[in-house]
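Thanks for coming. I will go through one structure today, a piece at a time, and give the cut-offs as the terms come up.

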Amino acid sequence: MSRSAHPAGPRHADVLPEGHYAAPPADLNRLDAHIWSGTVARNDDGAIEVGGIDVRDLAAEFGTPAYLLDEADFRARCRAWKAAFGPDADVFYAGKAFLSRAVVRWLHEEGLNLDVCSGTELAVALDAGMPAARIAMHGNNKSNAEIDRAVAAGVGRIVLDSFQEIVRVAAAAERHGRRQPVQIRVTVGVEAHTHEFIATAHEDQKFGLALAGGQAAEAVRRVLKLESLELIGIHSHIGSQIFDMAGFEVAARRVVSLLAEIRDEHGVQLPEIDLGGGLGIAYTADDDPAEPYQIAKSLGEIVTRECEAARLDPPRLSVEPGRAIVGPTAFTLYEVGTVKPLEGLRTYVSVDGGMSDNIRTALYDAEYTVALASRRSDAEPMLSRVVGKHCESGDIVVKDAFLPSDLAPGDLLAVPATGAYCRSMASNYNHVPRPPVVAVADGQPRVIVRRETEEDLLRLDVG
């Protein structure tokens, strides 16, 4: 993610001055291990393989574009996060990053909890067998039907996002004869160093109840008066794709300060805090994310220190890594359709997908890397822009990349770190069917989300 992102759109086609770009990598065939999933490598033929399977075989069987998800890598990341935080903390996978029934089953088997933020995400979780007690329900505008469904199912927590929602959840809990565990989401006034569209802890945005002005404290008062609600803690989320832990330190300090105020005013010490997710991953070689154990150590020390200063027992800590688990586990495989050199500028490489399967470049000015996947090449590097097939000049997959100068139609390209948000935010722009998600493990591929078809789209068009 660009650290100096501009509003998506206006500058996408700028031609920057010669010399702006870094030198091309010494070896275009090298795959940077901290960007790609654990089982990705080049085989003896020079093609990329994942889970022991050649991408050329995957393309022949499942078509392109396709999201290829490394199941072994996904499970390993789940275990790493769970081990890092230990038995005295909770790891909630953020389903918004990517959710399917297979993913829910993997999470269940690896001992992680699940965070959902819509009634349909909840439906997937329950259908795939996730125990309701291990599900958290988020959302800034939960409908009455969604709230009722969550309470009826017995979800382990509902994160309250407004004064109106306090009333709605309490009413649903009364109808079902249940004392519903809840947390209150607070906006703590922290500036996360990320794109403005995914920074969520400053006051001027739609999520949560602000500490400033006393909204959060008033929400606590209202919840504690309601017999059908059990206030188990405070929730904070400062943004996404964050590398700098300083924001979490400020957030933890302010959340713990609120816990102390609650103790002093109400004589209640809340048992939990949730510091959200948003931990960044490596999309390019310039990104340097921390390992789960480093994050766990840092957050644990921050919370313990702040609680000691406030003379509070340390609460149980929850975190919500979504992107940090699934993001690096998948890459998108495309086929090259046209190669268009622009003399003195760059070469435009068009692939058979684009902004319908990855809107993040257009939406957030996100940065990606790309590799020739179907073969090895020793040709000279050429400055390239990988673009999609859609009728939109902002339809860009990778803004600036070096690819071999012998690239040709029919070659396969792979864009790594597309496991998070790409399929979740995919669209049918230009009536293009959304790609499949193919999980690979131990030499065996299987479709976990099938490719949409023309028939699927025509069935929806009932006019």
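Which residues does Lys96 touch, not counting residues up to four places away in sequence? They are Cys117, Glu121, Tyr421 and Ser424, where touching, or contact, means heavy atoms within 4.5 Å.

Before going on, a word on the source. This is a predicted model, in which local features need pLDDT of at least 70 and side-chain atom pairs count only at pLDDT 80 or more, while totals for chains, interfaces and linings use all residues. Residues are numbered from 1 along each chain as its sequence is written, and side-chain values use heavy atoms, with hydrogens and water left out.

In UniProt, an unreviewed entry carries the annotation "modified residue: N6-(pyridoxal phosphate)lysine" at Lys96. UniProt positions are given in the numbering used here, feature names are shortened, and annotations may be inferred rather than shown by experiment. Lys96 sits in the loop between strand S5 (89-94) and helix H3 (101-110). Helices here are DSSP runs of H or I with at least four residues, strands are runs of E with at least two, and both are numbered from the N terminus. Buried means under 20% relative accessible area, exposed means over 50%, and partly exposed is in between, using a 1.4 Å probe and protein chains only.

In helix H3, the buried residues include Ala102, Trp106 and Glu110. Just after H3, Gly111 has a positive phi of about 85°.

Next, two helix pairs. The axes of H2 (residues 71-85) and H9 (residues 292-310) come within 8 Å and cross at roughly 30°. Axes are lines fitted to C-alpha atoms, for helices over the stretch in contact, and angles run from 0 to 180 degrees between N-to-C directions. H2 and H9 are therefore roughly parallel to each other. Angles under 35 degrees count as roughly parallel, over 145 as roughly antiparallel, 65 to 115 as roughly perpendicular, and the rest as oblique. From H2, the contact uses Ala80, Trp81, Ala84 and Phe85; from H9, it uses Pro292, Tyr293, Ile295, Ala296 and Leu299. That contact has 9 nonpolar residues, no polar and no charged. Nonpolar covers Ala, Val, Leu, Ile, Met, Phe, Trp, Tyr, Cys and Pro; charged covers Asp, Glu, Lys and Arg; the others, Gly among them, are polar.

The second pair is H7 (residues 215-224) and H8 (residues 246-266), packed at an angle of about 45° with axes 11 Å apart. That makes H7 oblique to H8. H7 contributes Ala216, Val220, Arg221 and Leu224 to the contact, and H8 contributes Leu258, Ile262, Glu265 and His266.

Thr347 belongs to strand S15 (residues 346-351) and is buried, with a relative accessible area of 8%. Among the residues that Thr347 touches are Val339, Pro341, Met382 and Arg385. Arg385 is in strand S17 (residues 381-387) and is also buried, at 3%.
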